[in-house]
Each structure stands twice: as C-alpha cells, then as structure tokens.
Amino acid sequence: MMKPKVGIIPNRKDRVSEDYLAKLKAAGADAIVLPVTEFREPIAQLFRRVQGGLLTGGGDFREGAYENFTAEKRDTLRNIDTIREAAERIVLDLAREKAKPVFGICRGFQAMNLHAGGTLIADIPLELQGGEIPEHRPKKTGDLKMPDHD
C-alpha cells in the first residue's frame with residue numbers, strides 16, 4: 001500500500017520544522033512541501049498529488065484578520081506574512097474543491113477559521129483586561145507524543 005502524501009505550506013524561508021516531518025513519517029505519511037506563493041497554479045500542481053494538507057504554526061496574520069483591532073494591539077503582532085496567508089487560502093480553496101482534508105496546527109487552525117469567515121483576537125491578555133492566561137508553547141522535549149511546534 002502506498003503511503004499517503006500530505007501537502008505542507010512552509011514558513012517564508014521555505015522551511016518546514018523537522019518535528020512536523022518526523023511526526024508525519026511516524027504516522028506513515030510522506031510530506032510534500034508546497035510553494036509559498038500568492039499564485040494558484042504552482043500550488044495546485046503539487047496539491048493534485050496529495051491526499052490532504054497540513055497548515056502549520058507560525059506568525060500572526062494581517063491586521064484586517066482581527067476583530068476590534070486597535071493601534072494598541074498593532075505592537076503585539078509578529079512575523080506577519082501576507083504571501084503565506086495567500087498560499088494558505090489557496091490550499092484551503094483547493095481542499096474544499098477536491099474534498100481533501102486539511103489539518104491545522106495553531107496558526108494553521110486560525111487560517112482555517114479565517115477562511116470559514118471567522119475572526120481572531122489579536123491579543124488575548126489585552127482583551128481580558130489584565131486576566132491571566134497560561135503560556136501556550138510547551139517546552140521542546142523531542143518526544144513525538146508531546147505537542148509542540150514552532
């Protein structure tokens with residue numbers, strides 16, 4: 001039986017975390033790195049070869065993605081990449097058209113939410129007005145059973 005192929009959008013440095021690749025391999029899948037571009041055809045050519053997609057973690061989205069956005073929140077945004085956003089939208093469009101599953105991790109799930117018409121909160125502590133939230137990034141353990149990402 002052939003291994004399933006999963007298309008992954010890398011960060012803008014055309015890098016996919018070794019953790020994602022190792023976890024896909026451990027699950028019996030092969031990764032195909034999709035191009036980070038705002039043009040549909042290069043992504044579509046490779047997406048035809050995969051059985052599903054993986055949208056990974058990463059930086060923040062453009063200002064327009066957030067509800068109740070204010071200048072105060074602008075300083076909280078990091079590593080905005082509108083070309084990656086475009087590539088993720090293309091992957092989600094193709095997945096819907098071809099009825100292929102997509103799994104989102106952190107930023108990837110946020111991209112799925114935006115694609116479905118949702119919005120995001122730019123800075124949860126600011127929204128909670130001083131409320132305390134736990135740090136969401138676990139320490140890297142090297143253990144494939146522990147959830148972590150970069």
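How many helices and strands are there in the chain? There are six helices and four strands. Helices here are DSSP runs of H or I with at least four residues, strands are runs of E with at least two, and both are numbered from the N terminus. The order from the N terminus is β-α-β-α-β-α-α-β-α-α.

This is a predicted model, in which local features need pLDDT of at least 70, side-chain atom pairs count only at pLDDT 80 or more, and totals for chains, interfaces and linings use all residues. Residues are numbered from 1 along each chain as its sequence is written, and side-chain values use heavy atoms, with hydrogens and water left out.

Of the 150 residues in the chain, 35% are buried. Buried means under 20% relative accessible area, with a 1.4 Å probe and protein chains only.

Now follow helix H4, residues 82-98. Its 17 residues should span 24 Å at 1.5 Å a residue, and its end C-alpha atoms are 24 Å apart, which agrees. The expected span is 1.5 Å times one less than the number of residues. At the start of H4, a side-chain oxygen of Asp81 comes within 3.2 Å of the backbone nitrogen of Ile83. Just after H4, Ala99 has a positive phi of about 55 degrees.

The buried residues of H4 include Ile90, Val91, Leu92 and Leu94. Arg84, Glu85 and Glu88 are buried too. The buried residues of H4 pack against strands E1 (5-9), E3 (52-55) and E4 (102-104), and against helices H2 (40-47) and H5 (107-115).

Take H5 next. H4 and H5 pack at about 65 degrees, with axes 10 Å apart. Therefore H4 is roughly perpendicular to H5, a term for angles of 65 to 115 degrees. Axes are lines fitted to C-alpha atoms, for helices over the stretch in contact, and angles run from 0 to 180 degrees between N-to-C directions. The H4 side of this contact includes Arg84, Glu88 and Leu92, and the H5 side includes Arg107, Ala111 and His115.

H2 also meets H4. Their axes come within 10 Å and cross at roughly 45 degrees.

Note on methods:
Buried < 20%, exposed > 50% of the residue type's maximum accessible area, 1.4 Å probe, protein only. Contact = heavy atoms within 4.5 Å. Polar contact = N/O pair within 3.5 Å; in protein donor to acceptor, adjacent residues only side chain to side chain. Parallel < 35°, antiparallel > 145°, perpendicular 65-115°, else oblique.
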